[in-house]
Structures are given as structure tokens and as C-alpha cells.
Protein chains: 2
Amino acid sequence: MGEATTGAQALLTTLADAGVEVVFANPGTSEMHFVAALEENPRVRGVLGLAEGVVTGAADGYARMTGTPGVTLLHLGPGLGNGLANLHNARRAHSPVVNVVGDHATYHKAFDAPLESDIDSVAGTLGWVRRSHSPTDVGADAAAALAAAQDAPGGVATLILPADASWGEGGVAASALPSRAPEPSSTVDPVAKVLRSGQPTALLIGGAACRGAGLRAASRIAAATGARLLAETFPARIERGAGLPNVERLGYLAEQVEHQLDGVRHVVVAGAKPPVSFFAYPGKRGDLVPEAAQLHTLASPTEDAVAALDTLADDLAPGVAPVLAEPHRPALPSGELTVQNWVEVVGALLPEHAVVVDETNTSGLLLAAATAGAPAHDVLTLTGGAIGQGLPAATGAAVAAPERPVISLQADGSAMYTISALWTQARENLNVTTVILNNRAYAILRMELQRVGATASTDPASASLFDLSAPDLDFARIAEGMGVPASTATTAEELADRFRRAVAEPGPHLIDARIPPLL
Amino acid sequence: MGEATTGAQALLTTLADAGVEVVFANPGTSEMHFVAALEENPRVRGVLGLAEGVVTGAADGYARMTGTPGVTLLHLGPGLGNGLANLHNARRAHSPVVNVVGDHATYHKAFDAPLESDIDSVAGTLGWVRRSHSPTDVGADAAAALAAAQDAPGGVATLILPADASWGEGGVAASALPSRAPEPSSTVDPVAKVLRSGQPTALLIGGAACRGAGLRAASRIAAATGARLLAETFPARIERGAGLPNVERLGYLAEQVEHQLDGVRHVVVAGAKPPVSFFAYPGKRGDLVPEAAQLHTLASPTEDAVAALDTLADDLAPGVAPVLAEPHRPALPSGELTVQNWVEVVGALLPEHAVVVDETNTSGLLLAAATAGAPAHDVLTLTGGAIGQGLPAATGAAVAAPERPVISLQADGSAMYTISALWTQARENLNVTTVILNNRAYAILRMELQRVGATASTDPASASLFDLSAPDLDFARIAEGMGVPASTATTAEELADRFRRAVAEPGPHLIDARIPPLL
């Protein structure tokens, strides 16, 4: 080379050599040398987010679609803080995500300058953390971070990069390190015995088992044994639609799960965690495995659920075919938009090969049924319950899969946490169609206020803290203000018209779909 | 009473008895009983933010204006994460802020449900943390949190409230506890000797000393001794304008500070931290006390700087009056908006008794000079460097001081982190005039790219990650989409016209002021 290499340059080279093509970034002064290296390195593209929740959610969406690390660049502790909620979702999705968090120069930390804070402790709540101490370490530390993020089943790794480790010379790029593969299941035989028993059994799949091979194996097992097949409540990525097994997801509400698991004597989990209530409710059980049922783990999240299901299918269901969804679309509905009919518009018009990002909350209860026979598509869901994930994840998914239409179905309240993701969609000309389900309420909280029995005297519909109608949010104007063409729909016909046009045109589009709240 | 009291009700009563009138909130299911108690308690008002950065920044702005605790309600770890950056700013401002962070019921945590995360470690990076264990503890824990937040000089205290501690019965409201008063200075005499020496001395004030009494005492000392009087770079709240001492703030750039402190032999700090560089730069000093100068602490941030300055003034400057700014306003400028002339519009038209929230970054370099003789006003600044603080702080300041006009001067890039604060301003009909300095760039980062010497080959103006012009942000549309009336100005005449009208009308207004970037 001849020229000296900075720590930042070594970091970029290490990332690029490992196959990283995109860094989602919201940089500041302490990250300047990384930015300079990024601007100079044609192999890695910087995608700017105007807030760190967009950056981290996009990295998660990107990782879910590519299976490779989503890399972020964040500005000290406050940047990490702003990105923390969507990193929580990424952690729950087992998405491989590597954060590069810039920090003050090592010798500057003692001054307790205004931006000084305890980055290490905050990052430590997410998983693997390392702090580089000199330019010579940065390449190796980055390789270690990439490997840690990809250790099965995938997770969040944070590399803290002091400014002097970034700008100093003596940087050495490092080669990719191996990461930990999923372990083989050790319980195939006992689970086979359970499934052969003929006793009522639920098979709950999650993680990688929610995609093609895992779905087909699980469907064969269910067909052969009569087991009820379910997918985890909030999969990171699930494949579905015509030609794929249609697997019902475990309900969000404990009451739904009770119904789904009613009467089973065995619950087998494969790549999923045992079913638990999302929240606790006074006087209700949190463990949703029925009291009369036994729990069996075919594969924990760190084990290879797909291989285990394959082995089990070959054993229990030789010659049995999976049950595949037939192509079927609902008829286009008409009239005022409702929670019932908007999903039919999407089901009727979902384009081929779509990626659906679903953060519809209460408005989307009927979405799965309406799209079960639509062309095969992926669905990304809100894995960690930290709302404000949909628009960023759709952004990252579109960066990852520019040839696929991304359909971002988004509740209004949740949209506002990370609304500036729209600007990144416009800037990158991403093929994302956003439908805001604008019911002018935190409708789920109205429901929850009743469910937790918080009060007899407060009418949920009148609880002022759940009301988003004063003033109404006009998402079309907000989107246009960020450079995203937008429209509004109040009837099913209008939604169909806007949706068709949005999907047909290149680049992003937002539709503000005005629907009445469920409550 | 007769009726059973829940932990949540005891918490609300404890807050109300201590004088808390407002809770800034973004609640979720685990906070439902707190919400129910809030809806039922007429003494405490809930103010909704659509993202937690708005909630925490508003609590900070409220605390700065009232001197009493700004209280937040946040939803588990992700809610705290989203609010972390503005809590960082609150910590640096020494604002008394109490976070109530809801968590899963105690017995639910073992299930590792989707929203489970390590709240305690994240909150611990901010200061005082306590986790309530039962309904009977909640009142006393809340009283302890309020006291901790108000321990001199003020800080962030976090109470983690498990859902079952909130909903359970047996709650007991607690009386307010005393908090730690500022300690008296022990160095008045030696500092008096320094100031009498006749050697060139800088007096750097901060914290409470940036308001009336402290400013006047410091001005008298400077007038009597010839000391250079400076205020800290980013005061939480500084009073200025006609009839008050006009105290120059220490520069943001180390180069400015070198100039301001050039030739001094002594630097005396009173309520301020010793001057340090905001960031480290290769080959430059971080400690900005000149090498030939000695540092003296009249009052650390936990000591009573105002009393120490008063004593010192009585000693050194008996009969000497403070130097007060004369009323003076710049003439109204004309022509295209520039970094130079927009500040003159504000200086010419600033209403009486205004609260100015300044997050103008590079666009506001000339603001102080243009408003030095305007009617007396308070200025709130970005204390911790975590951008996205201005719109929320203006929101909280307006809730705290509804009778005062709040002028929110806001850089474009920074505005986008917490833009939904505008919605809360509309919902609460707050008297906030926001001027967005829309230069379509992260201009400060262009400057910093040059200052850190990151690269010879990258033209700062071409660094794509600092460019916000593709697409342009149309803040008037964004504001209207959130229910805030808005206008756009491209000339000084237009800005003057819009500003006059915005200040005259009740409720919020936003002006998108298009100015060229500094770089």
C-alpha cells in the first residue's frame, strides 16, 4: 500500500472483506474518520438515517432479509440510546447486528466532556461488547464483532470505537473469523415418541424453522401425526402464501393461546421459546403451556431446528407431503374502510414476491387470513414489542432486497416513533409502499386497560393518554414533507386504487388509510 | 378512605402531595394502573408524547423552568432507551427529573417475555435507581426518588415500577423527604486573593449562577477586579437581555476558547466545570485551561455558587454596580435569509419575557449578539450534546410557563430526532413559535470533518452522509401533518412577517426558514 492505514480504514476493510456492503449510519464528530473511510471505500455504502431508531431498525430488517450482519454507525452513548429500542427488537429477532459506536478519544474520557456517558453498560444489556484500545486492535475487534453477531442463533454485538483508535495509524485489517454454528438437537427420539403417542400435541416452530424447509418438514409431521402446527407469535421472518404451508401463529393474547392449546397434552417447541404471556395480568397465568400438558424441546433457539424437523419428518412422515396453501385471493371489498376490509384489499392486491413488514397491532388481526393464499411472501414482525420498528425495518429490507416490493403495514401510533425512516426511503429511492392504519388511537392500550382490570371508573375510549385524534395526524402531509409521495384513503375502493398505483410506481409511497379503531 | 389503595394510586398521591402537577408520559400495558390512577387524580395532569425522546426532553425543559421535578412515565426498557438521549441532556443540565419506568410483574420476569430487558443497568448510567418490590413500598420509593432528583445540584432519578407493585393493594402514600442542599464554598478567601492580585483572571460561571442574582454578583466582581466574565458553553438556563448583565458564553470550539482565555493566569470556576474541549482533536489539548494558568474552584456544581459569588462581591466590590445591558434591538434586515441576518430578525422582534430554546448549532453562532439588548429572556441550551433536545425542551418549558412566549430556534437535522414534539405542542395548544433553520445539511459535521483532519480527499460539502438536501425536508408540511400551523420564509422580510404573526397568535406555529449552510 505505501500509505499509512488508520484504525477506521482497517475497520472498513475488515467489514468489506467479510462481505459487508452497507453501513446504516447516523454519525457525529467522534465518527469522522470512519465517515471519511466510508466515503473513500467504494465497497461499502453508507445509508443515512435521521434518527438512530431508524438506523438500528433498518440494520435489523436488512439482517433478517440477507442473513448477514446489519452494521450500524452510532454516535456515542446518546446515539446508542436512541437506537436501543430497535436493537432490543433485533436481539429478540436473533438478527446478526454489529454496532460501531464512536466514543471520545481514550485520553479525553477523563475530562467528562458533555457527551461522556457509560456506553459499555448500556451496550452490555444487548449482548457482546468490546472496546477497541488502539488502531492496531480495530481490525481484529471488528472481525470478532462480526463473528459474535453471527454466533447461532444470531445477536447484537457492539464495538466501541474511541476516536483515537479510529484516527490513529497502524490499523491492520483482519480476516473473517468463524462463528458458532447451531448445535444439533439431542431430543429427536423422545420427541418422535411423543408425536407417535397419539396424544393431542402442539408443535410450535420458530426462528429459521419459519422458512421454506422448516415449514415443509413441520407440515409433514403435522399431517402424519395430527399434531397442531403453530408458529411463534412474532417471528423475525416467516414465509407464507400460495405454495407454502400456512402455519397459524400463536396469538398475542393469552386468551387466544388458551384456545389454540386447549386440550393438548404435549407442547413441542422447535426453534421457538416456550409460550408465555406477553404481559402479566392480575390473577392470570404467565406460562401458557396448559397445566395438563408437558413441554418438550426439540430444538432450543441455539439448536438446529430445521435439521431436527427434517430428521423427524423423515422418521414420522415418510412419503407424506406437506399441506400447501392454494392460490386464493379475497374479492376486492367496497365501502368505508374497516378493520375487516382493509386486509382484503391487501390480500387481493399483494404483489408477487413481496416482503410484508407488519406492525399493524390491533388493526391487523385479520391480516393473516386475508393473505394466506396470496402469492408467496415473507412477513417480518415486531419481535421484541418495542414499537416503532416497522418503518425502519421496511427501509432495511428494501435496501437488502431492492428487486422485491416491500409492503410496510403500519399502525399510526407506532409509526410516529421513527417516522423519519420515510426520508431515508425517499433518499434511497426504495421500493416501499407504506400503508398507515390510522385509527387515531393507541387502540391496543384501550384494549389493555380493560384486560388488566385497571379501573372500573375510566372508560377506555375516553382515556386521554390513548387518544391520538386531537389533533389528527395527517400522514400524507408528513410523508410529503419528507419527500415521499403520498395519498389518503377512506374507502376500500380508494385504498385499492392507491395501493395498485403505489406498488406500480418505483420508489416509496405512503397511503394514509383512515379506519375506525377496534375500540 | 375506605377503599383499598393500589401502589399506583399511592404513587400518584405521593407525587401530588410533593407538588408534582404534570407527568410527561408515553405509557404501555405495564403502566396501565398508573394511567388509570392518573386519569382519576385531578391534581396531576398527563401530557402525552408520541415518542419517549419527547417525553424526557419535555420533562427536562419543564424542570429547568420550574426548578421542580419533571416526571416521566416510560414503558419498560425500550421506552427508557428511546428517552435516554434527552435524559443524558437532563443529567448534564442538573435538571431534577424523576422517571417512572414500568416493568413486568415481579413473577413474570423469569419468563423472559419479549419486552424483558435489563432496565436497571441502563437506568444506572443516569444516576439514582430504585426498583419497587411491593405496593407498600411504592409511595416511599417515589418520595425517595423525588428527593434524590432534587439533591443539589439536581439530577435524574429512576423508579422502576413492576406491574404488580403498581396494581397490588396496600399502597401507602409517603410525605416528601428533604433533599441535600448545596454545600457552602470553602474557597472564598483564596479566590478573593487571586482576584485581588491584579493578574489576568477569567471568572467562569455556570448552573444557578447564570441567573439574576448570580449574574449580578459576578458582574460586580468583574467590574471591580477586571476579571473576564464568562458563562459555561451550554448553560441549562441563562437569563439575559436588557437590564441584565450580558455574559459571554465560552465558545464551543477550542479555538474560540483559546482566544477567550488568551493570556489569563487564573481561571476561577463558580458552578461550572473546568473548561474542556467538547471533542478530542488529533494533536490538540483537551484541557482548555491555558497551560500558564492556574485553576481555582470557587464553587463546584454541588456547592452554592450564588452565595459564594455574593460573598465575594460584597468583599471585592462594595458599592460597585453590575454592568447591565442597555435596551437595544437590531434593525430589521432585508434580502435573502443568511446565517448573519436571521438572528437580527429574532433580535428585532423577540417578545417580552420570552423563553428561548436554542438548538441552532452552526446557524446560531451570531444569535447571542443579536439578542443581547432584547427584552429580558431566558435561554435554554443543549447541555449534553445529544441533539434532538430543542423541540421537546420547548414543549416542556411551555407547559411549565404557559404565560410566557416560547421561541424554539432549531437546526433542521437536530429537529428530526424528536419531530413529534410538534404534535404535543398542538395537542396542548402550547404557545411555542418554532423557527427551523433549514440549511439542508448536517453543517456542523462538515465543519468537524475539516477540523479533525479526517481526510484530504473528501470534500466536506460533498460528504453524502452530511447532506440533507436529497430530498429536501419541508418542515411546514411536516408540522401541518401534526396539527401545527406553519409557514415558510426565504427572505428576512418573510421571516419577520411570519415571526410577528406566529408570536401574536395563540398556540404553536412553525416557520421553516430556508438559509444557506455555513459550509
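1. In strand S16 of chain A, Val432(A) is the bridge partner of Val406(A). The model is a predicted one. The pair belongs to a parallel arrangement in which strand S15 (residues 406-411) of chain A and S16(A) are joined by 6 bridges.

2. S16(A), which spans residues 432-438, is also joined by 6 bridges to strand S18 (residues 509-514) of chain A, and these two strands run parallel. Here Asn438(A) stands opposite Arg514(A) in S18(A).

3. Is S16(A) mostly covered or mostly open? Mostly covered: 7 of its 7 residues are buried. One side carries Val432(A), Thr434(A), Ile436(A) and Asn438(A), the other Thr433(A), Val435(A) and Leu437(A), and both faces are covered.

4. In chain B, strand S3 (residues 70-75) is mostly covered, with 6 of its 6 residues buried. Gly70(B), Thr72(B) and Leu74(B) point one way from S3(B), while Val71(B), Leu73(B) and His75(B) point the other way. Residues pointing either way from S3(B) are buried.

5. Which strands are paired with S3(B)? Strand S1 (residues 22-25) of chain B is joined to S3(B) by 3 bridges, and the two run parallel. Within S3(B), Thr72(B) stands opposite Phe24(B). Strand S4 (residues 97-103) of chain B is joined to S3(B) by 6 bridges, again in parallel. His75(B) has Gly102(B) of S4(B) opposite it. Between S3(B) and S4(B) the chain passes through helix H4 (residues 76-93) of chain B, giving a right-handed β-α-β crossover.

6. On the interface: 96 residues from chain A and 96 residues from chain B take part in the contact. The area buried between chain A and chain B is about 7,700 Å², and carbon and sulfur atoms give 66% of that area. Of the area that chain A buries against chain B, 9% comes from Thr29(A), Pro114(A) and Leu465(A), more than from any other three residues.

7. Polar contacts between chain A and chain B number 36 residue pairs, with both residues at pLDDT 80 or more.

8. Which elements of chain A supply the side that touches chain B? At least two residues each come from helix H2 (32-40), strand S2 (45-48), helix H4 (76-93), helix H5 (119-124), helix H16 (421-427), helix H17 (443-451) and helix H18 (475-481) of chain A. H4(A) gives the most, with 9 residues.

9. Arg451(A) is found in helix H17 of chain A. Is Arg451(A) buried or exposed? Its relative accessible area is 14%, so Arg451(A) counts as buried, the cut-off being under 20%.

10. The side chain of Arg451(A) makes a polar contact of 2.5 Å with that of Glu255(A). A polar contact of 2.7 Å joins the side chains of Arg451(A) and Tyr281(A). Leaving aside residues up to four places away in sequence, Arg451(A) touches Leu253(A), Ala254(A), Glu255(A), Tyr281(A) and Lys284(A).

Notes:
Residues numbered from 1 in each chain as written. Chains lettered and ligands numbered in written order. Predicted model: local features only at pLDDT ≥ 70, side-chain atom pairs only at ≥ 80, totals over all residues. Heavy atoms only, no water. Buried < 20%, exposed > 50% of the residue type's maximum accessible area, 1.4 Å probe, protein only. Helix = DSSP H or I, 4+ residues; strand = E, 2+ residues; numbered from the N terminus. Pairing = 2+ DSSP bridges. Right-handed = clockwise from strand over helix to strand, strands pointing away. Contact = heavy atoms within 4.5 Å. Buried area = accessible area lost by both parts, 1.4 Å probe. Polar contact = N/O pair within 3.5 Å; in protein donor to acceptor, adjacent residues only side chain to side chain.
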